[in-house]
Amino acid sequence: MTASLLRRLATAAVVLSASASLASAQTLLGDVTGNGSGRAIADLSTTTSTITLANAGFVLGAGNNVTVRINGLSHTFMNDLAAFLVYTPTGGGPSIEAVLFDNVGGNGDPHGSFSFNSGFGTSIGSINLAGGDFAPLGSLAVFNGVSVAGDWTLRVEDQVGADAGSYQSWDIGLATTTTTPEPGTWALMGSGLLGLAGVAHRRRKA
Ligand SMILES: [Ca+2]
Ligand SMILES: [Ca+2]
């Protein structure tokens, strides 16, 4: 066994142990991520929090590409709650939505962070109120094929009178493929500087 191979194996072991520790926490997967604000969840209310992503050229392929993580969810009656992920593309067009959970947890009090990906092994129907990684009620594959650019909204509904709650923040993680940009625009695409570069170019010409 060569030294180089040993080094590669050691690196792989580190990566594996990092994934293992992530999986025991609340996992966020994907190369494109965004963070959204927390909200109070008032009794009998609907609350939304939106993450706007500007990643032009990034597309969701086939597979379990969407992870949603709700951080610090707290409520005094879990079954009151329903939560949805809604996507509206930049420039308009029909929205797409999926239900993350609804009518789960009985009268228990959720108190933790909850990650959702359709590839996770535990259904949200078997919720642990302390949080964890769960497959959502609705399939997140409904987002496959969309261009990432747009508004990603977490909608949380408190549907039953008495009891309320809050969450601290939320994250989205998207595992993407890229459409092929023109040569020279590749590096600018990811950093979101394409528009600025265009402005600079026009100024030089003027
Ligand atoms: Ca409900
Ligand atoms: Ca309520």
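Guide: A residue counts as buried if 20 or more other C-beta atoms lie within 10 Å of its own, as exposed if 12 or fewer do, and as partly exposed in between, with C-beta atoms placed from the backbone. Please keep in mind that this is a predicted model, where local features need pLDDT of at least 70, side-chain atom pairs count only at pLDDT 80 or more, and totals for chains, interfaces and linings use all residues. Residues are numbered from 1 along each chain as its sequence is written, while chains are lettered from A and ligands numbered from 1 in the order in which they are written.

Visitor: Which residues of strand β8 are buried, and which way do they point?

Guide: Gly131 and Asp133 point one way from β8 (residues 131-134), Gly132 and Phe134 point the other way, and all are buried. Strands here are DSSP runs of E, at least two residues long, numbered from the N terminus.

Visitor: What makes β7 and β8 a pair?

Guide: Two strands pair if DSSP finds at least two bridges between them. Four bridges join β7 (residues 111-116) to β8, and the two run parallel, so the pair meets that definition. Phe116 has Phe134 as its bridge partner, and Phe114 stands opposite Gly132.

Visitor: Why is β8 called an edge strand?

Guide: Five strands form an open sheet in the order β1-β10-β4-β7-β8, with mixed pairing. β8 and β1 (32-41) each have a single partner strand, so one side of each is left without a neighbour in the sheet.

Visitor: What is the pairing in the sheet of four strands?

Guide: That open sheet has the order β2-β9-β5-β6, and its pairing is antiparallel. Its edge strands are β2 (46-53) and β6 (96-102), each pairing on one side only. Six bridges join β5 (residues 81-89) to β6, and Val86 stands opposite Glu97 in β6. β5 and β6 form a hairpin with six residues between them, and Gly91 in the turn has a positive phi of about 85°.
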